[in-house]
Amino acid sequence: MRPLTDDETKILFEKLSKYIGDNIRMLLERPDGLYTFRLHRERVYYCSEAIIKYASNFPRKELLSFGTCFGRFTKTRKFRLHITALDFVAPYAKFKVWLKPNAEQQFLYGHNVVKTGLGRITENTPKYNGVIVYTMNDVPLGFGVAAKSTIECRAADPMALVVFHQADVGEFLRNEDALT
Amino acid sequence: MGRRKVTDDKSAKPVRGPGRKSKKQGEPTFPKELAQTEPTDKKKVSSRGKQRARKRLEKDKLKQTINKNTKLKTATKRQSDGESNDEEQINGYTDENQQWLKPKKKKELFDDDEQNEEESMDEDVPYDDQFNEMESSSEEEEENDGDEPKLDIEKQSKKIREKQRQTKERSEQELLTNIQQHEKVQFPSGQEVTKEAPQADLQLLMHRIREVINVLNDFKNKREANRSRKEYLDLLRQDLCNYYSYNEFLMNKILDLFPLAEVIDFLEANEVQRPVTIRTNTLKTRRRDLAQALINRGVNVDPLDKWTKVGLVIYNSQVPIGATPEYLCGHYMLQGASSFLPCMALAPQPNERVLDMCAAPGGKATYIGALMRNSGILVANDANKDRARAIIANTHRLGLTNTIVTNLDGRHFSEHMGGFDRCLVDAPCSGAGVIAKDQAVKSSKDEKDIQRCFTAQRQILLNAIDSINENSTTGGYIVYSTCSILVEENEAVVQYALNNRPVKIVETGLEFGVEGFTNFKGTSFHPFMKYCRRYYPHLHNLDGFFVAKLKKYSTKQGNKKESETIEKEKKKEEEDDSLEAMADD
């Protein structure tokens, strides 16, 4: 376990800013204590300083997880955001997409979202920007990338893809083993 | 955009099931014996009824005198016979004359219409039998005495009646002999014992089990003179093993644990699945909201019981309950009701350091995390790496942020980390309490498996005690639980901890459940073992479970003082027992 290097921090924050923009500051400057990112076995964990201190006492091999896993660095040093980060990303989301009930299931099985399944979308969402996917009851389901901007969406035909799937809560069941 | 009202039939919410409010208790069922013995004559006779009965008596007397005088025999005969026939039906007598006897025609009545009315009314009203009986019998006698059958047809009918009576008598005798046969327990002959017991006739087997239990319950009176109690018990064990397909080892343990009356209940309860229960994740939602959301998905749910505020029981569901969007979003956890209990007993407080020693798949650990309201530190440990991955997924799904997941051996945990305020040891066990879940337990366990289990349990429990900070201001508690009902894995393990570590048993804080054994088959445990709680499938409709709560009070490794006192107490108890036995004699 070690703190992130500057490069890694930069990659991570670039990725996060696609979803939550400037709100990364809210993650780091919390009123209830000091929260930081830590790298452990190529995975980035986000948790309070107290837990980090405690966890660092366990042998590295036997320590499987601590706090919340945000994602992992690939071998090519790109950052993959995991679905486990949803709890922290969703509240600060800049751009959101709401799904109709019959499109929920499709998304949870790992499919992209077509226009017929789209219930609502935040105004002026740019193309290829990260979005958080919600149900109509405002329950976060996962995140993806907007395939079209809001204006393009209006003109698109019903079967056109609107959101590319990146991660969804169905992964808790589908690939439990690969989560962290 | 915005929410549109859904109008098509598919998405309209169909009415499912009878609804919650329509749940009703079924009709009560009574044993046949009770239903049959309901006598008609116990009905209360109304005052009008009494009046009518009196009137009828008077009229009948009048009738008799008239009959004698006028010798209008046919009419009287039919009438009286008809009446006696009614009697017989009421009293449950045989009515052999029913075949040839026809109810009288109203027009042939020698009496007037008034009496006819009277009688038809009487049929409805229950009346006192006694005087009627006497009267009718007297009439019959009179009839028998009075005349020989003169007509051909009458002779024939008499013959037929005689025949019928004989066959009936014979059949009754047969019935009686049958009953006698069944009342005696038939021991299998030597050959039968050696070869495999008959698998096919389960009904007969069950019958014999019941008979043997019946005999054992009243051994002095019902036994056969040349059979000992042991023979009966052996037969019973053999039969139970065959009927429920247990191995002899586990059946012995069960027979030791329960009184005879409960054994069958317990075994039957093991054949039935426990209800599916879920636990609301209080970090993300409330029970009422969750129930509403699930009902909208077509799941029939109800609050579990009054002892829990987070449990819901699932009656039936149109969707897979482990894959609804609510489940994936971490609003609830699929979890047996019995696994709420150790967490409730542990009662973790916010800002504590809590250890869950054997956490996978994380059901109890996430409940602890929810009780701590995501504060403090929760270490969830499991020795199996693959199973520990399930903890990671579940803690993230349920939104726990204070959790550290480790993959250490529970027997050496304290070498790495100590100073916890509370610790839950849900030790790996034989699973003798969850036979309903895994039928393989019935036949796969033997003495060695149990021994392996309880040695590991002892080591883990001692290690858990070592990792506790006894100076903790809020805690210093250890909760030991297993999903087994065997004494070796429960009370004996706790006793071992008492003997070897500075701990004492405290109350679990669970208001229901059976008390732990303070002595069992000659070994006596610490008297505070009564604070432990046992749960059985047939009594609580939970999985078989054991919960004990300990408090650590010193750092000393050994606990000689404690063990000495226990030995003293043991001696004392033995003395008491022997005194009692003497007093009984």
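Biologist: How are residues and chains labelled, and which pLDDT limits apply?

Modeller: Residues are numbered from 1 along each chain as its sequence is written, and chains are lettered from A in the order in which they are written. In this predicted model, local features need pLDDT of at least 70, side-chain atom pairs count only at pLDDT 80 or more, and totals for chains, interfaces and linings use all residues.

Biologist: Which domains does chain A have?

Modeller: The assignment gives domain 1 (2-88) and domain 2 (93-174) of chain A; such bounds come from an automatic or database domain assignment.

Biologist: How many residues of domain 1 of chain A are in contact with domain 2 of chain A?

Modeller: Eight residues of domain 1 of chain A are in contact with 13 residues of domain 2 of chain A, where contact means that C-beta atoms, placed from the backbone, lie within 7 Å.

Biologist: Turning to chain B, at what angle do the axes of H19(B) and H20(B) cross?

Modeller: The axes of helix H19 (residues 447-466) and helix H20 (residues 491-500) of chain B cross at roughly 45 degrees and come within 10 Å. Helices are DSSP runs (H or I, at least four residues), numbered from the N terminus. Axes are lines fitted to C-alpha atoms, for helices over the stretch in contact, with angles from 0 to 180 degrees between N-to-C directions.

Biologist: Which residues meet there?

Modeller: Among them, Phe454(B) and Leu461(B) in H19(B), and Val493(B) and Tyr496(B) in H20(B), belong to the meeting residues.

Biologist: What does UniProt place at residues 266-553 of chain B?

Modeller: The UniProt record, an unreviewed entry, places "domain: SAM-dependent MTase RsmB/NOP-type" there; positions follow the numbering used here, feature names are shortened, and annotations may be inferred rather than shown by experiment. Over residues 266-553 of chain B, the chain is 30% helix and 23% strand, strands being DSSP runs (E, at least two residues).

How values were computed: Contact = placed C-beta atoms within 7 Å.
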